[in-house]
Amino acid sequence: MIQDIGPHHLDNQYRPAPPDKECYALYYEDHAALVKKTDEGIEFPRFRELERLNPEIYEDYIYLFSVDGERYYLVQEINREPLSDFSMDNTEIFRRAEPRHHSFAGITGYQLYNWYQSRKYCGRCGHMMKHDTKERMLRCEECHNVEFPKICPAVIVGVTDGNRILMSKYAGRTYKNYALIAGFTEIGETVEQTVAREVMEEVGLKVKNIRYYKSQPWSFSDTLLMGFYCDLDGEDKITLDKNELALAEWFDRADIPEIRSVESLTNDMILRFKNGPV
């Protein structure tokens with residue numbers, strides 16, 4: 001999956017040391033990131049490649065994380081016109097681009113970029129938020145409100161019935177491949193309750209024997225995904241929520257469509273079921 005970057009290692013501990021010339025500078029605009037495409041995959045600019053026309057980047061930066069000891073920083077409002085080798089690419093490139101540790105760094109940095117962009121001002125009193133020097137935290141010096149990075153818990157659900165699994169397609173989204181039932185955890189419920197509720201809401205089915213599989217950070221939507229398998233409990237007739245899903249249907253193991261990538265927990269779970277009992 002996208003976070004499986006071994007033997008490389010992401011160190012997300014907050015270490016706000018100043019950058020040097022060889023540190024990576026991550027730059028984003030809306031849904032795009034500044035990258036260079038090479039025969040080996042994608043690369044990010046280093047500070048030395050930006051400093052001539054952007055000397056302020058050594059003053060205006062935010063430490064993000066490191067991968068194998070190499071530090072990554074968020075930079076903002078740079079002059080990128082002379083960077084002929086680099087271009088702004090949609091962050092969807094990070095789903096499959098090589099090397100995988102760069103892709104994971106790119107999308108994780110994008111999650112933090114979005115958080116910093118939306119937390120410039122205190123949501124309680126409206127004053128400017130300040131960066132903490134010890135933790136990845138924003139603090140309001142006026143009302144003492146504190147903010148940590150937003151992570152939304154959500155479930156991916158493999159509903160099974162013997163040798164069959166329920167697969168679906170989203171309604172009104174650009175992603176057109178088959179997926180599994182999914183949804184965010186609501187206030188006051190456990191993730192197991194989320195599983196049962198989402199299945200009932202989206203396809204009108206009851207489930208039992210809910211069991212945890214594994215989790216995945218999914219920075220495309222600020223989400224921590226938790227995968228569960230569960231068994232059909234009763235009738236298998238589908239009542240589709242057409243606001244959420246374009247279709248939902250049962251597939252025997254042998255008829256499951258080819259899975260071409262396993263960057264997502266959804267595809268990992270479909271492939272796991274296809275290859276044998278879960």
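Does Arg95 count as buried or exposed, and at what relative accessibility? I looked this up first. Arg95 has 15% relative accessibility, so it counts as buried, the cut-off being under 20%. I note that I am working from a predicted model.

**Entry: Arg95 and its partner**
I checked what the Arg95 side chain meets. Arg95 forms a salt bridge with Glu92, at 2.5 Å from N to O. I then looked up Glu92. Its relative accessibility is 40%, so Glu92 is partly exposed.

**Entry: other salt bridges**
I find 22 salt bridges in the structure. One of them joins Asp11 and Arg15, with N and O 3.0 Å apart. Asp11 is partly exposed at 21%, and Arg15 is partly exposed at 39%.

I followed Glu29 next. Glu29 bridges to Arg80, with 3.2 Å between the closest N and O atoms. This pair connects distant parts of the chain, 51 residues apart. Glu29 belongs to strand 3, while Arg80 sits in the loop between strand 7 and strand 8. I get 30% relative accessibility for Glu29, which makes it partly exposed. Arg80, at 26%, is partly exposed too.

I also noted a salt-bridge network made up of Glu22, Arg46, Arg48 and Glu70.

**Entry: strand 7 and its neighbours**
Glu70 took me to strand 7, where it is the bridge partner of Val67. Strand 6 (residues 61-67) pairs with strand 7 over six bridges, antiparallel. Two residues lie between these strands in the hairpin, and Asp68 has a positive phi near 55 degrees. Strand 2 (residues 24-26) runs parallel to strand 7 (residues 70-75), joined by three bridges. Here I see Tyr24 opposite Tyr72.

**Entry: aromatic rings**
I count 17 aromatic pairs. I looked at Tyr63 and Tyr73. Their ring centres are 5.3 Å apart and their planes stand at 75 degrees, so this pair is edge-to-face. Tyr63 is in strand 6 and Tyr73 in strand 7, so the contact ties parts 10 residues apart in sequence. Both Tyr63 and Tyr73 are buried.

Phe65 and Tyr72 make a tilted pair, with 5.4 Å between centres and 35 degrees between planes. Phe65 is buried at 1% relative accessibility. Tyr72 is buried at 1% as well.

I found one aromatic cluster holding Tyr14, Phe47, Tyr58, Tyr61, Tyr63 and Tyr73.

**Entry: charges over rings**
Which ring lies under the charged end of Arg164? I find the ring of Trp250, its centre 4.5 Å away. I checked Arg253 as well. Its charged end sits over the Phe273 ring, 4.0 Å from the centre.

Conventions. Residues numbered from 1 in each chain as written. Predicted model: local features only at pLDDT ≥ 70, side-chain atom pairs only at ≥ 80, totals over all residues. Heavy atoms only, no water. Pairing = 2+ DSSP bridges. Helix = DSSP H or I, 4+ residues; strand = E, 2+ residues; numbered from the N terminus. Phe/Tyr/Trp six-rings, centres within 6.5 Å; stacked < 30°, edge-to-face > 60°. Buried < 20%, exposed > 50% of the residue type's maximum accessible area, 1.4 Å probe, protein only. Lys NZ or Arg CZ within 6 Å of the ring centre and 35° of its normal. Salt bridge = Lys/Arg side-chain N within 4 Å of Asp/Glu carboxyl O.
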